[in-house]
Amino acid sequence: MLDVSSCKLSFGGVKAVDDVSLRVEPGSITGLIGTNGAGKTTLFNVISGFLKADAGSIRFMDRDITARDPSEIAKLGILRTFQTPVGFPRMTVMENMLVFSRHDRDRRSSPFSPARVPAETLEAASAILADFGLYQKRDVWAEDLSAPDLKMLEFARAMMAGPVLLMLDEPAAGVNPALIESLASRIRALRDQGVSFLLVDHNLKFVCNVCDRIFAMADGRIIAEGTPDEVIADQKVLELYIGKSAKTDLQ
Ligand SMILES: Nc1ncnc2c1ncn2[C@@H]1O[C@H](COP(=O)(O)OP(=O)(O)OP(=O)(O)O)[C@@H](O)[C@H]1O
Ligand SMILES: [Mg+2]
């Protein structure tokens, strides 16, 4: 579905993405792990068109999407969330959802006025909000949401655009541990409905639990790839997360 091939992007002397190749298979939940500064978010920015790669190519469903604009990439079905949720703070939760509706764009109606939005679009938004536990807060301004709720709104809003591939940057960060299992169930349920996922998170238990396949990144490079069990057992990954001395102690 997504084929990233030999992508590179440097910021001055920092090779944030250094010859990365990665694939996301249709219907998969693919994880991307790595310690702070590994280059995960930069890779997301390159795939979604927010940053242009210095080299390499990206194909999505047999189309070359290298260096296309973010809006074009989104129209093709790749949606992404941001590590720090961005939204429209001075709009309500429902209005935030409606901005992402393809239906509204097609009909050229104002996304800012729920009264002018077709009933089926409002119903779709309401159903998604209910699913994400945000329906009761539909009239709250986004700026008044708690950080975890804002994170959920970011995810819920992306669903309004009917993603084929949804890229989630740290969906579990700041989420109450008791709610992480329901987040995992929601991702699996959406996958069963046909959405493929590429997700970054520091919560390895969550990533291993929800993902079919994982790529591990360090210093801009992919250092391991495989099933969760394979990647967690990989020596380079162990060294990254536990440290060389701890690993020696384990032997
Ligand atoms: N806009 C930028 N300008 C300069 N350097 C940047 C920029 N964005 C990222 N970097 C650098 O690129 C490297 C990769 O950063 P990136 O944010 O992609 O890491 P990450 O894996 O997402 O980390 P984290 O887990 O902390 O979110 C880091 O060294 C970072 O400081
Ligand atoms: Mg990041």
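The legends below describe close-up views of a predicted model. Local features need pLDDT of at least 70, side-chain atom pairs count only at pLDDT 80 or more, and totals for chains, interfaces and linings use all residues. Residues are numbered from 1 along each chain as its sequence is written, chains are lettered from A and ligands numbered from 1 in the order in which they are written, and side-chain values use heavy atoms, with hydrogens and water left out.

**View 1. Residues around ligand 1.**
The shell around ligand 1 holds 13 residues, of which Asn36, Lys40, Thr42, Gln83 and His202 come nearest; a residue is near a molecule if one of its heavy atoms lies within 4 Å of it. By type, the shell divides into 4 nonpolar, 7 polar and 2 charged residues. Here Ala, Val, Leu, Ile, Met, Phe, Trp, Tyr, Cys and Pro count as nonpolar, Asp, Glu, Lys and Arg as charged, and the others, Gly among them, as polar. Helix α1 gives the most, with 3 residues. Helices (H or I, at least four residues) and strands (E, at least two) are DSSP runs, numbered from the N terminus.

The side chain of threonine 42 has an N or O atom 2.5 Å from an oxygen atom of ligand 1. For asparagine 36, the distance from a side-chain N or O atom to an oxygen atom of the ligand is 2.8 Å. Glutamine 83 also places a polar side-chain atom 2.8 Å from a ligand oxygen. Taken alone, ligand 1 exposes 640 Å², and the protein buries 61% of that; the areas come from the Shrake-Rupley method with a 1.4 Å probe, and for residues only the protein chains shown count as cover.

**View 2. The magnesium ion.**
Thr41 (OG1) and Gln83 (OE1) coordinate the magnesium ion, ligand 2, at 2.0 to 2.2 Å. Donors are N, O and S atoms within 2.8 Å of the metal (3.2 Å for Na, K and Ca); water is not among the atoms, so sites may look incomplete. The pair links distant parts of the chain, 42 residues apart: threonine 41 is in helix α1, and glutamine 83 is in the loop between β6 (78-80) and α3 (93-99). Threonine 41 is partly exposed at 25% relative accessible area, and glutamine 83 is partly exposed at 33%. Buried means under 20% relative accessible area, exposed over 50%, and partly exposed in between (1.4 Å probe, protein chains only).

**View 3. Helix α1.**
Helix α1 is largely enclosed by the rest of the structure, because 7 of its 8 residues are buried. The buried residues are Lys40, Thr42, Leu43, Phe44, Asn45, Val46 and Ile47. Just after the helix, glycine 49 takes a positive phi of about 90 degrees.

**View 5**
All 5 residues of strand β8 (residues 196-200) are buried, so the strand is largely enclosed by the rest of the structure. Ser196, Leu198 and Val200 point one way, while Phe197 and Leu199 point the other way. Strands of a sheet pair through backbone hydrogen bonds, either parallel or antiparallel; two strands count as paired if DSSP finds at least two bridges between them. Strand β3 (residues 29-33) pairs with β8 in the parallel sense over 4 bridges, and glycine 31 has leucine 199 as its bridge partner. Strand β7 (residues 165-169) also runs parallel to β8, over 5 bridges. In that pairing leucine 168 stands opposite leucine 199.

**View 4. The open sheet of β2, β1, β4 and β5.**
The 4 strands of this open sheet follow the order β2-β1-β4-β5, with antiparallel pairing. Its edge strands, β2 and β5, each pair on one side only. Strand β1 (residues 2-11) is joined to β4 by 5 bridges, and leucine 2 stands opposite phenylalanine 60 in β4. Aspartate 19 lies in strand β2; aspartate 19 has a positive phi of about 65 degrees although it is not a glycine.

Technical notes: A polar contact is a pair of N or O atoms within 3.5 Å; within protein, one must be able to donate a hydrogen and the other to accept it, and residues adjacent in sequence count only if both atoms are side-chain atoms.
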